[in-house]
Amino acid sequence: MPAQDVADLRAMSEADLRNELEETQRALFNLRFQAATRQLADVSQVRSTRRRVARIKTLLHQRALLVAYGEMVEAAAASGDDAEQEE
């Protein structure tokens with residue numbers, strides 16, 4: 001997969017990524033079905049589509065971790081401000 005495609009995925013919003021994930025998973029299902037019925041000429045499409053699904057899931061997970069980390073930092077800062085006010 002070219003780096004440009006990864007950059008395009010990173011530029012997408014979370015909702016767009018979720019839609020892309022759903023479409024890619026549907027395409028993967030169809031590719032697997034075609035491969036099973038011997039209608040798929042290029043079997044490498046299954047592998048590349050599977051990897052695209054993994055990339056999208058990875059990006060979604062990274063974003064979720066960033067949000068969780070941001071909330072943790074905010075909570076720590078808020079509790080630190082409370083401790084300073086008590087003294």
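Helices here are DSSP runs of H or I with at least four residues, strands are runs of E with at least two, and both are numbered from the N terminus. Before you click, note that this is a predicted model, in which local features need pLDDT of at least 70 and side-chain atom pairs count only at pLDDT 80 or more, while totals for chains, interfaces and linings use all residues. Residues are numbered from 1 along each chain as its sequence is written, and side-chain values use heavy atoms, with hydrogens and water left out.

**The overview**

Colour by secondary structure. (Areas come from the Shrake-Rupley method with a 1.4 Å probe; for residues, only the protein chains shown count as cover.)

How much of the protein is buried? Of its 87 residues, 17% count as buried, where buried means under 20% relative accessible area, exposed means over 50%, and partly exposed is in between. For contacts, meaning heavy atoms within 4.5 Å, take the ones between residues at least 6 apart in sequence: 71% of them join residues at least 24 apart.

**Stop 1: Thr24**

Select Thr24, which sits in helix α2. Thr24 is buried, because its relative accessibility is 6%.

**Stop 2: the salt bridges**

The rule for a salt bridge is a side-chain nitrogen of Lys or Arg within 4 Å of a carboxyl oxygen of Asp or Glu. Are these two partners buried or exposed? Arg52 counts as buried at 16% relative accessibility, and Glu20 counts as buried at 18%.

By that rule the count comes to four salt bridges. Next, select Glu14 and Arg18, whose closest N and O atoms are 2.9 Å apart. They are four residues apart in helix α2, so about one helical turn separates them. Glu14 is partly exposed at 38% relative accessibility, and Arg18 is partly exposed at 46%.

Move on to Arg26 and Glu22, another salt bridge with closest N and O atoms 2.9 Å apart. Both lie in helix α2, four residues apart, or about one turn of the helix. Arg26 counts as partly exposed at 45% relative accessibility, and Glu22 does too, at 45%. Then bring Asp5 into view alongside Glu20 and Arg52: salt bridges that share partners join these three into one network.

**Stop 3: the loop**

Select Arg38, in the loop between α2 (14-36) and α3. What is its phi? Arg38 has a positive phi of about 60°, although it is not a glycine. Most residues other than glycine have a negative phi. Arg38 also counts as exposed, because its relative accessibility is 77%.

**Stop 4: two surface patches**

Patches are built from residues with over 30% relative accessible area and no salt bridge; like charges are joined within 9 Å, and nonpolar side chains (Val, Leu, Ile, Met, Phe, Trp, Tyr) within 5 Å. Lys and Arg count as positive and Asp and Glu as negative, with His and the chain ends not counted. Each charge is placed at NZ of Lys, CZ of Arg, CG of Asp or CD of Glu.

Select Arg32, Arg47, Arg50 and Arg51, and you have a patch of positive charge on the surface. Its largest share, three residues, comes from helix α3 (residues 44-86). Arg51 is in helix α3 and is partly exposed, with a relative accessible area of 42%.

Val73 lies in helix α3 and counts as partly exposed at 40% relative accessibility.

Conventions. Buried < 20%, exposed > 50% of the residue type's maximum accessible area, 1.4 Å probe, protein only.
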